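These exercises ask the reader to work through aromatic rings and their neighbours, one step at a time. Try each task before reading its solution.

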Amino acid sequence: MSSILKLNRLIVMKAGQRAFDQKFHAGLNIIHGSNGSGKSSILDFIFFALGGNLTKWKPVAQRCDTVFAEVSANGTKLSLRRDVSTDSNRPMFIYFGGLQDGLEAAADGWQRYPYTRNDHSKTFSQVLFRALGLPEIPGDEGSNITMHQILRLMYVDQTTPFQRIFRSEDFDPRDTREAVSELLCGIGNNQLYSKRIALRENRKIESDLNTKLTNLLRATANLGENFNEGAFETERSNLSQRRAMLQKEIEDLHGADIDSSQIAKSAESERRKLYDKITKERDRLVGIEREIASLDFEISDSDQFVKHLEQLLKEFDRTAATYMAIGEVPFELCPACLQPLTDTSDHQCHLCKEELPKEDKDTKLFELRMDIEGQISESLRLQEKRMDKLSTLKKEATRLKTSMSRQMKQFDEVRNASVDGRTALISDKSREIGKIDSRLDELSKLSNLRQQINEVKEAKENASSAVERLRNEIEALELARDKRRRQVKTRISEQTKRVLEMDLEEHNDFEELEKFDFSFEDDWFAINGDPNITTSASGMVVVKNSLFIGLLLSSLQDLQMRYPRMLLLDNVEDKGMVGDRVRNFQKVIADLMDEESEPHQIILTTSTLNPELERQDYIVGPEYTKENRTLNIQTSASRS
């Protein structure tokens, strides 16, 4: 499935006023004007609005407050809002619908999505990926690939060295570049990406279990042989026998003739302490059992709710697939009065006659799907918390029942004993029974601890097996993708050569173009095997931009590619390129893209506009100057 991203409108705000407000169209968009008029700032704002992580702003741009963008992502209309800041990883606010409606709604309907992943909310990259039909794939250090990483292969800016393909940044792992390029070129499939994510998750599980096991073994290391399997059973058996013997002796004392002693107060005090403790534990147990019953009901109810949502999602997808296959099925008769319905336009509901553009339908459907997915995710997260709490409460209930059972026996023994000389003996033996019971409790805990260690060992072995299995499966899938990689690379190289061959002959920096080669993962490109290509910096600029045009053209012809079919070009005339070469290159871009029927968008800046391209269907905004800048911000000096 292709991914299509289109910018419809961009608004930049400063102190409640619109510093920039322009609409964009499909195909070629040209922002033109003199150097220093702020054209690059607009492309920076587009990069940032779409999810780029931008912290180094040009001075004038940094004085702005907020940027709004309306985009269409595979037919889904979304409005995006981000606050301008020098802080990194800024969140995004998304309105499911057109920007004008979003602005009129003020804060209502705008949902906040963070830049980085957490347990409570999807990131804005996840929302935009879903709208674009892009699968989530793992990146570096346990993160997933973000919109920022995608945009690095869509934005040719002026600050990145012209020998590099990806927009430069300080931390740039090779694995990330490889993952981004494979995703956008349609190399591999969703199965490969999902297995990579599963491998990462199982590695984390394996690591966490290994840490837990190490801590448990360290905690029991001083027990030595006493922690062996048979040692617990032997000591438990001996203690149980001793307890039974003491119990028998207490029973014998009840019938024995023993001189009375003055210890009635002591016996009464012991009985009262036992009674108070039993009462407190009973009340605590009643409360816990109520919580358990309530949690059991919540878990059961939530399970049914999640199943309902999952079924709803399946039906939603089946309905969408059916709609894609057969289109809309209109009613012939009104379902209320059974009278024939009058004809309507393609953009009207044939029942209520309300205007309903297809893009709005797609947006509402996407919003509904995201809402269902969000409810499922949140329900599962809460369910996991409930299950953990239920397990803890059940363990505590078992402990309280065992403790109460032991204390009830002691209470019965003390209560049934006569307050006379035998009480002292009974108390002594009862205290010894209490010590035995305490040790039995310790042994029970140690036994549970040993069981926990065994369970962690088993879970770690299962996770290790899953990691090994996933590694083998991924290796097999990666072998199968090599053919696809060669096909895509050949197509992009051929399209790039096609663009380069249209460069003006008198300015061509290479005598014979036999082979164009490149590597996204290693971030280089070469002509005829030479990565340096030429001593001419302007020639390198032409080659780099030709590569991006070739990449875009390839994505329009190869429907397996997921490149979003959008380019931001702010570097087509850099490094001293002469005017006629710049104007020719602009015309080459326009002519090549006009030949393509598939939807696409290029946003290009220039200070040397080809007069042939000064047309309404190409130009965005007026011709900008240092006096009439792209960002209409009044300075203190100009106000005075």
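**Exercise 1.** Find how far Arg167 lies from the ring centre of Phe47.

*Solution.* Arg167 lies over the face of Phe47, at 4.4 Å from the ring centre; a charge counts as sitting over a ring if NZ of Lys or CZ of Arg is within 6 Å of the ring centre and within 35 degrees of the ring normal. The model is predicted, so local features need pLDDT of at least 70 and side-chain atom pairs pLDDT 80 or more, while totals for chains, interfaces and linings use all residues. Residues are numbered from 1 along each chain as its sequence is written, and side-chain values use heavy atoms, without hydrogens and water.

**Exercise 2.** Classify the aromatic pair of Phe45 and Trp57 and locate both residues.

*Solution.* Rings of Phe, Tyr and Trp (its six-membered ring) pair if their centres lie within 6.5 Å, with planes under 30 degrees apart counted as stacked, over 60 as edge-to-face and the rest as tilted. The search of the whole structure gives ten such pairs. For Phe45 and Trp57, the centres are 5.0 Å apart and the planes at 35°, a tilted pair. Because Phe45 lies in helix H1 (residues 39-49) and Trp57 in the loop between H1 and helix H2 (59-62), the pair ties together parts twelve residues apart in sequence; helices here are DSSP runs (H or I, at least four residues), numbered from the N terminus.

**Exercise 3.** Decide whether Phe45 and Trp57 are buried or exposed.

*Solution.* Buried means under 20% relative accessible area, exposed over 50%, and partly exposed in between (1.4 Å probe, protein chains only). Phe45, at 0%, is buried, and Trp57, at 8%, is buried.

How values were computed
Helix = DSSP H or I, 4+ residues; strand = E, 2+ residues; numbered from the N terminus.
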